[in-house]
Amino acid sequence: MKNNNNRREFLKKTGLLSTGIFMGSSVLHSLLASNSVSQVQNEDDFLQAEDIFTLPKLPYSYDALEPHIDKLTMEIHHSKHHQAYITNLNKGVQSLDKNLQDKAQNLNSIFENMKLFPEVIRNNAGGHYNHSLFWNLMKPNGGGSPKGKLAESINQTFGSFDNFKKQFSEAAAKRFGSGWAWLVISDGKLVITSTPNQDNPLMNLPTIISKGKPVLALDVWEHAYYLKNQNRRADYIASFWNVVNWEAAEIAFNS
């Protein structure tokens, strides 16, 4: 109970409690794994009374992932693109009738009741969750290979870490247009999948091929890489492996 209270207090201080991502979510666990306590700020600094969802602060500076992901891309991606999803999500929730508003107070509830919501909620709730997870699955001086139970499961499922990297990279490269590549736990097994736009494996939708708990995610929208890599998505995917936060992925895997 003490540990749970500490986690709740941490989320409250960082403002992440207001995102609706709490216990049982891989976002929470990856945040705790990323040693972002030094980034704590007062919730009152950015939480507006009418807003349900708010922009989480990055656990590192915008230039911390260079030379692999450049400062300008990170700044625009976080402060403009992610913020836009949150702004539009809050507006969308405010436009719902009372019954649906009650079901839209946190992301887990939105994803579970996805069929009830209009497209504006689907797109922006997905964008908010996906990016909140993505930021914390990267870190300065990251990369290398996973350890512990995640490493064991990757080796058992894919034959080797190199095979896993190849298959995950292929899923990211072959996602047509905008979308995401994922490593998820689906029916008790690790599965590599991808989703279009801002969909994710948590959404209760028939179009989600592999539903499950995200362990690793890669944003392959052009705004994630175009300033540095232009149309060379493959170069961006290769760069991603140098900043992966495997500690966060391990905690998500074990949660």
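**Labels and cut-offs**

Tutor: His77 has a relative accessible area of 1%, so it is buried, since buried means under 20% relative accessible area, exposed over 50% and partly exposed in between (1.4 Å probe, protein chains only). Keep in mind that this is a predicted model, where local features need pLDDT of at least 70, side-chain atom pairs count only at pLDDT 80 or more, and totals for chains, interfaces and linings use all residues. Residues are numbered from 1 along each chain as its sequence is written, and side-chain values use heavy atoms, with hydrogens and water left out.

Student: Where does His77 sit, and what makes that a helix?

Tutor: His77 is in helix H3, residues 71-94. Helices are DSSP runs of H or I with at least four residues, strands are E runs of at least two, and both are numbered from the N terminus.

Student: Why is the pair His77 and His131 called a polar contact?

Tutor: Their side chains come to 2.9 Å. The term asks for a pair of N or O atoms within 3.5 Å; within protein, one must be able to donate a hydrogen and the other to accept it, and residues adjacent in sequence count only if both atoms are side-chain atoms. His131 is in helix H6, residues 119-136, and at 0% relative accessibility it is buried.

Student: What else does His77 touch, beyond its neighbours within four places in sequence?

Tutor: Its contacts (heavy atoms within 4.5 Å) include Phe134, Trp135, Asp219 and His223.

Student: Which residues does the UniProt "binding site" annotation cover?

Tutor: The unreviewed entry lists His77, His131, Asp219 and His223. They are spread over 147 residues of sequence, yet they cluster in space, with a largest C-alpha distance of 12.4 Å. UniProt positions are given in the numbering used here, feature names are shortened, and annotations may be inferred rather than shown by experiment.

Student: Is Thr195 buried or exposed, and how do you know?

Tutor: Its relative accessibility is 4%, so Thr195 counts as buried. Thr195 lies in strand E2, residues 189-196, and its side chain makes a polar contact with the side chain of Trp182 at 2.9 Å.

Student: What makes Lys98 and Asp102 a salt bridge?

Tutor: Their closest N and O atoms are 2.9 Å apart, and the label needs a side-chain nitrogen of Lys or Arg within 4 Å of a carboxyl oxygen of Asp or Glu. The two are 4 residues apart in helix H4 (residues 98-102), so they are separated by about one helical turn. Lys98 counts as exposed at 55%, while Asp102, at 46%, is partly exposed.

Student: How many salt bridges are there?

Tutor: The structure holds 4. One of them joins Arg122 and Asp199, with the closest N and O atoms 2.7 Å apart. Arg122 lies in helix H6 and Asp199 in the loop between E2 and strand E3 (213-219), so the pair ties together parts that are 77 residues apart in sequence.

Student: Are those two partners buried or partly exposed?

Tutor: Arg122 has a relative accessible area of 25%, so it is partly exposed. Asp199 is at 3%, so it is buried.

Student: And Arg232 with Asp235, what makes that a salt bridge?

Tutor: Their side chains meet at 2.9 Å, N to O. Arg232 is partly exposed at 38%, and Asp235 is partly exposed at 37%.
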